[in-house]
Amino acid sequence: MINLAIPNLEGKEREYLNKCIDTTFVSSVGEYVNRFEDQVAKVTGSRYAVATSSGTTGLHAALTAVGVKRDDLVIIPSFTFIATANAIAHCGAMPWLMDIREEDWCLDPEIVEAEIRYTCVLKDGALIHREMGKRVAALMPVYTIGNLPDMKRFRRIADMYGIPLVADAACAIGAKWQGEDFGSFADLSVLSFNGNKTVTCGGGGAVIGNDENLLKLVKHLTTTARVSKEYDFDMVGFNYRMTNLQAAVGCAQLERLDTFLSRKRFVRSYYESTFSDFGVSSFPATDMASCWFSGVILPEGKGEEDVRDICKKLADAGVEARAFWKPVHLQKPYQSARISAMRNTEAVWNRIITLPCSTGITEEELKIVCDMVRIILKEHL
Ligand SMILES: *Cc1c(COP(=O)(O)O)cnc(C)c1O
């Protein structure tokens, strides 16, 4: 079987893990956690990084730190992994779901701007949705499959209305915008180091940013909000720490980030050039995207059934392929969420097939995948 996205553990992962065990530093204190935070800050171009137990817990801590509270609204694209919405719900808030752009699959700034202008008012410094009577507490674009939207534009919108800008950068490690790392684009950005991401800790996440006080607050929140060696706490904190074991794996992984990124980009361009000859589109990529996932988009008129059939046939042929994110507005827990314009989201989400894109995939395997996809698509379309 040629797998979809499996970890590449051929570096110093084992050596560093053994060091944790030999020194008994297996829990949340240890040199690897500090080293990992320093390295994450460095590779993302941010001043500070706080390691967390997952991307989801990082998102929850980040939203809590910027002040998202019960009954608030947070603007996100509907086309994202459910964790983006769940982190908002964990704050007692609700997502306000908006559409994406076709060219990058990221939140559409035109829609965000128009929706805020026509449905919200500024009242005592707070941005209020008039009809719902709820406060819009944050704007959170998602760097879908490692594509970066125009964050300068989102920055202007956020500043104009005085709302914090948080980025779900869970799958974007290594992506750049006009040559610049994304670490300073939002007030806080959140990464994931889950097993299927470009860089993995087994599981894990990080919150990054440049504002020292804000990152101190994130650290405080994620480590139980303890204020003394005695059992004194000053807030309702979380235990969202990353362990030294996870960080050990992460440190070894980050040493090979450049190799992983060039491999991911190679896989995407391999699929793009193969399938464009065949008249089938592959995933969009912004300039210097991190190309976390790659695959094909079935022609218009095709849908969920076709994706399921094709994936089944590919599995029978030894190629793991899958559908991609089902939008949040179609998920059971978010039926009552506010939605604004879903044309592009609805036009594309059910025609996407993700194909094998592990960093360890060989050119021989890529050729097998492409041959099989071509044969099966020809029968199917
Ligand atoms: C992977 C991912 C997450 C969740 O990260 P976990 O580490 O699995 O909790 C959130 N948002 C996006 C866009 C992701 O791709």
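Ala, Val, Leu, Ile, Met, Phe, Trp, Tyr, Cys and Pro count here as nonpolar, Asp, Glu, Lys and Arg as charged, and the others, Gly among them, as polar. The exercises below concern a predicted model.

**Exercise 1.** Describe the lining of the largest cavity, by residue and by class.

Solution. 
- Step 1: a search of the whole structure finds 1 cavity of 30 Å³ or more.
- Step 2: the volume of the largest cavity is about 80 Å³.
- Step 3: its lining consists of 14 residues, and Ile6, Pro7, Lys197, Thr198 and Lys264 lie nearest the centre.
- Step 4: sorted by class, the lining of the largest cavity holds 5 nonpolar, 7 polar and 2 charged residues.

**Exercise 2.** Locate the ligand and describe the shell of residues around it.

Solution. 
- Step 1: the largest pocket is where the ligand sits.
- Step 2: the ligand is surrounded by 16 residues, with Gly55, Thr56, Asp168, Ser192 and Lys197 the closest.
- Step 3: at least two residues of this shell come from each of α3 (55-65) and α4 (82-90).
- Step 4: by class, the shell comprises 6 nonpolar, 8 polar and 2 charged residues.

**Exercise 3.** Find polar contacts between side chains and the ligand, taking pairs of N or O atoms within 3.5 Å.

Solution. 
- Step 1: for threonine 56, a polar side-chain atom is 2.5 Å from a ligand oxygen atom.
- Step 2: for serine 192, an N or O atom of the side chain lies 2.7 Å from an oxygen atom of the ligand.
- Step 3: the ligand taken alone exposes 380 Å², and the protein buries 93% of that.

Definitions and conventions:
Residues numbered from 1 in each chain as written. Predicted model: local features only at pLDDT ≥ 70, side-chain atom pairs only at ≥ 80, totals over all residues. Heavy atoms only, no water. Near = heavy atom within 4 Å. Polar contact = N/O pair within 3.5 Å; in protein donor to acceptor, adjacent residues only side chain to side chain. Areas by Shrake-Rupley, 256 points an atom, 1.4 Å probe, with all protein chains shown as cover. 1 Å grid on protein atoms, 1.4 Å probe; cavity = no way out; pocket = protein on both sides within 12 Å on 5 of 7 lines; lining within 4 Å. Sits in = over half its atoms within 2 Å of the grid points. Helix = DSSP H or I, 4+ residues; strand = E, 2+ residues; numbered from the N terminus. Points joined across faces, edges and corners; volume = space filled by probe spheres on them.
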